[in-house]
Amino acid sequence: MNARDHVQRTVLPIPDQPHVGLTTYDAKDPDTKYPPIKELRPPSGAPNVLVVLLDDVGFGASSAFGGPCQTPTFERLAAGGLKYTRFHTTALCSPTRQALLTGRNHHSAGMGNVTELATSAPGNCSFLPNTISPIARTLKLNGYSTAQFGKCHEVPVWQTSPMGPFDSWPTGGGGFEYFYGFLGGETNQYYPAIYDGTTPIEPEGTPEDGYHFTDDMTTKAIKWVRQQKSLMPDKPFFVYYAPGATHAPHQVPKEWADKYKGEFDKGWDKVREETIARQKDLGVVPQDCVLTERHDGIPAWDEMPAELKPALIRQMEIYAGFLEHTDHHIGRLINALDDLEILGDTLVYVIIGDNGASAEGSLQGTFNEMLTLSGFGHLETAEFMTERLDKFGGVEAYNHYAVGWAHAMDAPYQWTKQVASHFGGTRNGVVVHWPNGIQDKGGIRNQFHHVIDVAPTLLDVAGIPEPVFVNGVQQKPIEGVSMAYSFDAADAPDRHETQYFEMFGNRGIYHKGWTALTRHRTPWKSGAEVLPAFDDDVWELYDTTTDWSQSHDLAKENPQKLHDLQRLRLIEAVKYNVVPLDDRFTERANPDIAGRPQLVKGNRQLLFGGMGRLTENTIVNYKNKSHAVTAEIVVPESGAQGVIVAAGGISGGWSMYAKDGKPKYCYNFYGITYYNVEGDREIPPGKHQLRMEFDYDGGGIAKGGTVTFYLDGEKSGQGRVDQTEPFVFSADETFDVGDEFGSPVTSDYPTPKKFNGEVNWVQIDIDKDAEDQDHFISAEERLRVVMALQ
């Protein structure tokens with residue numbers, strides 16, 4: 001029974017209470033009495049809640065924590081609230097988000113890594129056990145309105161198709177009544193893959209109109225809050241606002257990046273030095289805090305080639321503009337709350353990063369991050385970068401900054417995103433603002449906390465108990481602690497005293513001020529690094545009560561303390577499903593090896609007209625193989641025009657389309673080279689089969705091939721593709737039939753690009769099936785394929 005309102009809230013949904021009393025025959029009988037229907041509400045005094053989670057922002061980036069990127073909204077909120085200087089994340093996006101939304105450690109919640117690398121191990125399976133209710137569901141079942149805007153990277157990849165299941169989607173099992181955002185690790189800010197609930201929709205504007213997703217999602221959030229307060233003013237809300245910023249691609253209108261012209265000409269080493277000086281002035285690190293040394297694997301600014309520096313400088317200008325642009329739009333949302341006169345009674349959490357700054361952009365940065373991630377970074381020479389200098393941050397770019405900048409944005413700490421062992425990967429600045437609930441304005445809090453502490457804090461301030469049963473299932477205890485004890489007690493002792501960390505084998509333990517840790521993998525080396533055995537990893541030891549930034553390794557001086565902490569880490573790892581440790585990368589990308597389900601198996605897939613926004617995980621894998629794509633189309637009398645089938649987008653992909661009546665095929669190789677093949681005759685009006693056969697050269701991955709068109713079984717054109725992309729085209733672009741959503745594969749499309757006739761079906765055949773000598777799918781063969789679907 002809840003002390004505030006005498007309502008039983010530990011069993012959810014709260015059981016309905018049947019009427020007890022006289023039941024009359026006629027409602028007009030004067031003895032007919034029923035109590036009025038009482039709407040579900042949380043306990044009296046429960047505040048509105050806004051949780052803001054930024055992406056890939058290091059501790060030393062925001063000006064609120066001494067960084068070079070101006071964030072006046074964060075500074076304003078901090079001036080009226082609190083800064084937390086020892087708040088930690090998991091070092092990677094999906095795990096941090098799952099931990100934030102559940103109050104449990106990421107392995108406990110099944111999210112030991114990103115969804116794309118899920119395995120069958122309980123700690124890495126990527127789906128939430130039914131013994132863990134997300135905080136949004138718990139709040140909703142206690143009477144809150146709930147909405148999520150922006151990034152959702154917690155849906156298992158095999159559940160991201162239009163057929164779900166939607167148990168892991170925000171509006172499915174996630175507990176949110178409304179969702180406007182995207183699934184996956186990143187999105188193109190100019191061409192985002194948006195969902196409204198579970199329905200894919202297209203952006204309401206274009207890049208030419210000035211469209212940007214952060215602007216769009218903020219407008220939708222403001223509209224939702226206004227509507228909620230207009231219609232349910234007595235009901236508090238929980239809004240989770242998680243922009244794609246500042247994850248790559250770093251895309252922002254040019255005027256925002258230009259504000260930083262000349263600010264980063266000094267290079268990343270000097271930026272780190274200036275940052276720690278400001279951090280000491282602000283009091284977010286102590287005066288004796290040491291700026292940790294740059295590791296040998298990260299080049300000094302002075303070592304970088306002079307001809308590359310203009311591109312390096314522009315990368316950082318764009319990133320800084322991207323972060324300030326994000327702060328601006330968060331400010332719009334804060335202003336909307338203020339205009340509604342509800343800001344004072346809204347608990348605002350601004351978590352400035354879901355991990356440290358990202359070092360996934362290579363040592364020199366990249367114009368198209370897919371080049372680097374796929375092993376083609378050598379194509380981006382200094383000349384290549386310089387030629388595209390004015391395009392960085394724009395519609396044609398999918399850019400990411402260099403490792404040196406990521407390291408600088410994590411000042412004063414060592415390492416970056418993915419490196420869960422060190423604070424550079426896990427320590428993020430946090431601002432908490434709640435005028436009606438926090439008396440200390442502009443205060444600094446140095447208590448140790450972790451992202452799993454947010455959910456219990458929300459329950460605490462709302463007066464809602466941790467649920468014991470949800471939907472008939474007994475719940476695992478919350479593993480975090482409430483932070484509310486520290487709101488008005490700057491000197492309160494820590495309540496979160498022990499915390500393990502692990503990501504990609506990078507691992508460590510915090511216990512009462514001490515940290516024992518080991519770095520196992522280097523982020524920018526991806527799957528190419530030769531890794532040591534876990535038992536051969538070199539461990540470090542730090543006393544953070546005297547060494548704030550983990551700068552002085554005590555492992556050799558105090559081996560017994562190191563041993564004790566290593567043993568404690570192992571105990572915590574077993575307790576929270578961290579073992580078995582798994583440092584595989586390319587193997588985990590393969591579902592067969594990893595042991596996760598695949599939506600589509602075999603060598604053939606049949607799709608139908610109108611299907612679209614299909615992620616690459618929902619399409620049979622035809623890369624690095626010979627394959628055929630056959631489409632049955634109905635051409636109008638005016639002639640064939642538009643996209644028949646397309647995959648990918650501006651950063652890489654392919655499209656089979658018609659222009660001026662003729663079939664065309666374009667293979668976009670990372671936005672660098674466009675291979676075009678055109679049919680030798682027009683497609684007549686009526687029903688036809690258009691087939692594209694790709695005869696792969698073989699001899700390894702990423703090779704070329706010969707493209708041949710067949711119209712109704714007869715050869716109608718041929719050409720070459722000299723090189724192909726071996727893995728994924730992007731993290732957000734999709735496979736579409738009869739149109740192309742997202743960014744365009746080619747600029748050669750007719751207008752409009754949607755096919756002007758009908759695409760009845762498209763069939764993809766791999767390997768031996770692609771070598772069909774008839775080059776045509778007969779009615780009997782198609783019937784067999786359709787029957788196989790039954």
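## Surface and basis of the model

The accessible surface of the protein comes to about 29600 Å², and 51% of that area belongs to carbon and sulfur atoms; accessible areas come from the Shrake-Rupley method with a 1.4 Å probe, and for residues only the protein chains shown count as cover. This is a predicted model, in which local features need pLDDT of at least 70 and side-chain atom pairs count only at pLDDT 80 or more, while totals for chains, interfaces and linings use all residues. Residues are numbered from 1 along each chain as its sequence is written, and side-chain values use heavy atoms, with hydrogens and water left out.

## Overall build

The protein contains 16 helices and 30 strands, where helices (H or I, at least four residues) and strands (E, at least two) are DSSP runs numbered from the N terminus. Its radius of gyration is 28 Å, close to the 28 Å that the globule rule gives for 790 residues, so the protein is as compact as a globular protein of that length; the radius is taken over C-alpha atoms, and the rule is 2.2 Å times the number of residues to the power 0.38. Along the principal axes, the C-alpha trace of the protein spans about 90 × 80 × 50 Å.

Of the 790 residues in the protein, 61% are buried, a term that means under 20% relative accessible area, with exposed meaning over 50% and partly exposed lying in between (1.4 Å probe, protein chains only). Among contacts with a separation of 6 or more, 73% are between residues 24 or more positions apart, contact meaning heavy atoms within 4.5 Å. The protein carries 71 positive and 106 negative side chains, and the centres of these two sets lie 3 Å apart; Lys and Arg count as positive and Asp and Glu as negative, with His and the chain ends not counted, and each charge is placed at NZ of Lys, CZ of Arg, CG of Asp or CD of Glu.

Helix 7, formed by residues 309-339, has 31 residues and reaches 45 Å from its first C-alpha to its last, close to the 45 Å expected at 1.5 Å a residue; the expected span is 1.5 Å times one less than the number of residues. Because 25 of its 31 residues are buried, helix 7 is largely enclosed by the rest of the structure. Just after helix 7, Glu341 adopts a positive phi of about 60°.

Helix 12, formed by residues 454-462, is mostly covered, with eight of its nine residues buried. The buried residues in helix 12 are Val454, Ala455, Pro456, Thr457, Leu458, Leu459, Val461 and Ala462. Just after helix 12, Gly463 has a positive phi of about 70°.

## Backbone features in loops

Most residues other than glycine have a negative phi, and most peptide bonds are trans. The peptide bond from Gly164 to Pro165 is cis, with omega near 0°, and Pro165 is found in the loop between strand 5 (145-152) and strand 6 (178-183). A cis peptide bond also runs from Ala245 to Thr246, with omega near 5°, and Thr246 is found in the loop between strand 9 (237-242) and helix 5 (254-258).

Ser362, a residue other than glycine, has a positive phi near 80° and is found in the loop between strand 10 (346-351) and helix 8 (369-373); at 14% relative accessibility, Ser362 counts as buried. Asp660 has a positive phi of about 55° although it is not a glycine, and lies in the loop between strand 23 (652-659) and strand 24 (662-669). With a relative accessible area of 56%, Asp660 is exposed.

Gly612 is buried, with a relative accessible area of 12%, whereas Gly610 is exposed, with a relative accessible area of 69%. Not counting residues up to four places away in sequence, Gly612 touches Pro162, Phe735, Asp736 and Phe741. The C-alpha atoms of Gly610 and Asp736 are separated by 7.9 Å, although these residues are 126 residues apart along the chain. Gly612 and Ala647 are 35 residues apart in sequence and 9.8 Å apart in space, C-alpha to C-alpha.

Glu693 has its place in strand 26 (residues 686-696) and is buried, with a relative accessible area of 11%. Glu693 and Leu92 are 601 residues apart in sequence, and 40 Å separates them in space, C-alpha to C-alpha.
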